[in-house]
Amino acid sequence: MLQSEIFPKTGKEPPREAESANHKLLVRAGFIDQLMTGSWTLLPLGWRVVEKINAIIREEINKTGAQEVLMPLLHPKAIWNETGRWEKAKEIMYQFKDHRGKEYALSFTHEEIFLDIVRKHITSYQDLPIALYHFSTKFRNEPRARSGILRGREFMMKDLYSVHATEEEFWKYYEKVRQAYLRIFKRMGFDVKITEAEGGVFTDNNTHEFQVLAEGGEDTIYYCKKCNWGANKELVTNKKLLTIKCPACKSPAIKKSKAIEVGNIFPFGTWYSERMHVYYQDKFGKKKPVWFGSYGIGSTRLMGAWVEVSHDQKGIVWNKEISPFDVHLIELKTKKEGYKAKKVYEKLNENGINVLWDNRDISAGEKFTDCDLIGIPIRLVVSEKTGNKLEWKKRESDKVYFFTLHKVIEKLLG
Ligand code: ATP
Ligand code: MG
């Protein structure tokens, strides 16, 4: 892609009201644009990142055997009354009447919608398990939509739902998803801690949150450096869990940290299925409620979370997995201008490498500043000085190397 054609241009200053790193940098670098508090457009660069994040999620969730669908975002009131959530979740839900007086909500989650689909299609244990997921917008009337794209009133989530015949089968699948989540965050380059949190009114079980350690996070978590134990602050306070030792392995190596919740998995038992009458017949013809779980990952929040943990004074530092482009090709003005960058650009493209080529007629300084701000992991410079080689520099380092085009391609594909 040619940088002269990318919309919009980068900005010199962060927005005045911006407090968090992701807000400042993603706006300045042209990844996102704010319509109003908590409501964002993903611009071409931002959408590329979120699509890469979604592709990783999709690949790993498919491995659990789940199938992708797309569920509606406009919901009738009646379905939310079946579980009592029309009233219980009033504060977070956008609810409204149309001009005929009929009441609706904009989707803030899809448990009820999924179970409605399922109950129409199952009769016996042979129809189970079922696991469906989608990527879609969620609407939530968040009281404090600060923190840039970390907390939107409209945001993108991957949500997965599963139903099972027995408790045992449910927990087996739950564990599969837990492992898939760990692979997803690892592939993206995040260091995540799993913390337990109280399930609240919808389940007696604890839920599990996936937390990225970050100064700019809104959550506070505790975790053990010796074993896998972790809990969020609310659980620790309510259950008075923490003295000085880890409740699991008794080690004193407990750490407290600010964190960003990027994923959450919920074992719901049969609470929802009993209320929504999602029953099946077991082997002996006995009617039973299905075991139900739901599993969310915030893909737009993940983009923001990455910026929170990976930036410097100059800008964002993407990694290869979620960067909007593989390389940033910079052509410096020479007497034989354009003679080589074009060829490099074409060759890289032919090899399936995604290149952002800064072909603009501006100073070298401006090009390098934008390059650092946008944060693509590899910078390639073509100039008269580079001769028949290319200058190669990683975003996070100051060291430069000179490689032939052949070598560059080999390194990028390797
Ligand atoms: P939080 O405690 O941060 O409000 P939550 O517990 O309400 O999150 P879930 O309902 O479990 O979130 O949603 C699943 C995932 O969706 C979260 O782990 C997070 O990644 C993402 N998410 C939740 N709320 C928002 C939001 N307002 N903006 C962006 N992403 C969000
Ligand atoms: Mg919330």
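Trp171 is partly exposed in this predicted model, with a relative accessible area of 31%. That value lies between the 20% limit for buried and the 50% limit for exposed. Phe170, in contrast, counts as buried, at 1% relative accessibility. A pair of aromatic rings is described by the distance of the centres and the angle of the planes.

**Aromatic pairs**

- The model holds 23 aromatic pairs.
- One of them joins Phe170 and Trp171, whose ring centres are 5.2 Å apart.
- The planes of Phe170 and Trp171 meet at 70°, so this pair is edge-to-face; the cut-off for that class is over 60 degrees.
- Phe185 and Phe210 form a tilted pair, with 5.8 Å from centre to centre and 40° between the planes.

**Where Phe185 and Phe210 lie**

- Phe185 belongs to helix 6, which covers residues 167-188.
- Phe210 belongs to strand 10, which covers residues 206-213.
- Phe185 and Phe210 are both buried.

**A cluster of rings**

- Ring pairs link Phe114, Tyr161, Phe266, Phe268, Trp271, Tyr272 and Phe292 into a cluster.

**Charges over rings**

- Arg48 sits over the face of Phe325, and its distance from the ring centre is 3.9 Å.
- Lys287 sits over the face of Tyr279, at a distance of 4.7 Å from the ring centre.

Definitions and conventions: Residues are numbered from 1 along each chain as its sequence is written. Chains are lettered from A and ligands numbered from 1 in the order in which they are written. This is a predicted model: local features need pLDDT of at least 70, side-chain atom pairs count only at pLDDT 80 or more; totals for chains, interfaces and linings use all residues. Side-chain values use heavy atoms; hydrogens and water are left out. Rings of Phe, Tyr and Trp (its six-membered ring) pair if their centres lie within 6.5 Å; planes under 30 degrees apart count as stacked, over 60 as edge-to-face and the rest as tilted. Buried means under 20% relative accessible area, exposed over 50%, partly exposed in between (1.4 Å probe, protein chains only). Helices (H or I, at least four residues) and strands (E, at least two) are DSSP runs, numbered from the N terminus. A charge sits over a ring if NZ of Lys or CZ of Arg is within 6 Å of the ring centre and within 35 degrees of the ring normal.
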